[in-house]
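Please open the structure in your viewer and keep the selection tool at hand.

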Amino acid sequence: MAGGSGRAAGLDARPWYAANEAVAFLLELATLGFLGWWGFDAGHEGALRILLGVGTPLLAVVVWGLFAAPRARWRPRLVLVLVVKALVLGGGAAALYGVGHPVVAGAMAVMTAANITVAETFRIPLSTGAESTAQTG
């Protein structure tokens, strides 16, 4: 009985989980845009401006891909994953602040914190559905 209700709860929560993952993806894309914006607007001229404008988002992509992406090359413990997410996504909020939008940067920081909290608190293991099906079948 407990297994059946857990399965039903997992199915009911799945749309919320998917919506939260979609918001996370949008926050990640926005972060890359904000990092690039900051890099090109950092007040430098010439090659340094291009290096910051292209290199900062590229560095964020590499760090994210190595440690925080769902299929990361190295998947460290949750604490380090959360630190990487905070640094990259928080860097996006800081970049937005740096280009002169402190209110929107604060909103970005709050949305990022809420999104990560929901994702890590209510994460649904992908194997749960298969195990439940195997047990009932």
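Select Gly39, which lies in helix α1; helices here are DSSP runs of H or I with at least four residues, numbered from the N terminus. This is a predicted model, in which local features need pLDDT of at least 70, side-chain atom pairs count only at pLDDT 80 or more, and totals for chains, interfaces and linings use all residues. Residues are numbered from 1 along each chain as its sequence is written, and side-chain values use heavy atoms, with hydrogens and water left out.

Gly39 has a relative accessible area of 1% and is therefore buried (under 20% relative accessible area, with a 1.4 Å probe and protein chains only). Contact means heavy atoms within 4.5 Å. Pro57 is 18 residues from Gly39 in sequence, and their C-alpha atoms are 8.6 Å apart in space.

**Stop two: a loop residue**

Move to Ala69, in the loop between α2 and α3. Ala69 counts as buried because its relative accessibility is 15%. Leaving aside neighbours within four places in sequence, Ala69 is in contact with Trp64 and Arg75. Val81 is twelve residues from Ala69 in sequence, at 8.9 Å from C-alpha to C-alpha.

**Stop three: a pair of helices**

Two packed helices are described by the angle between their axes and the distance between the axes. Select helix α3 (residues 78–98) and helix α4 (residues 102–121), which pack at an angle of about 160° with their axes 8 Å apart. The axes are lines fitted to C-alpha atoms over the stretch in contact, and angles run from 0 to 180 degrees between N-to-C directions. α3 and α4 are therefore roughly antiparallel to each other (an angle over 145 degrees).

To display the contact, select Leu78, Leu82, Lys85, Leu89, Ala93, Leu96 and Tyr97 in α3, which meet residues of α4 including Val104, Met108 and Ile116.

**Stop four: the core**

Which residues have the most contacts inside the largest nonpolar core? They are Phe34, Trp64, Ala68, Val88, Leu96 and Met108, in a core of 18 residues. Such a core is a set of buried Ala, Val, Leu, Ile, Met, Phe, Trp, Tyr and Cys residues joined through side-chain atoms within 4.5 Å. α1 (2–40), α2 (47–67), α3 and α4 each supply at least two of its residues, and the largest share, seven residues, comes from α3.

Finally, select Met108, which is in contact with Leu27, Ala30, Thr31, Phe34, Leu89 and Ala93, leaving aside its neighbours within four places in sequence.

Notes
Parallel < 35°, antiparallel > 145°, perpendicular 65-115°, else oblique. Buried < 20%, exposed > 50% of the residue type's maximum accessible area, 1.4 Å probe, protein only.
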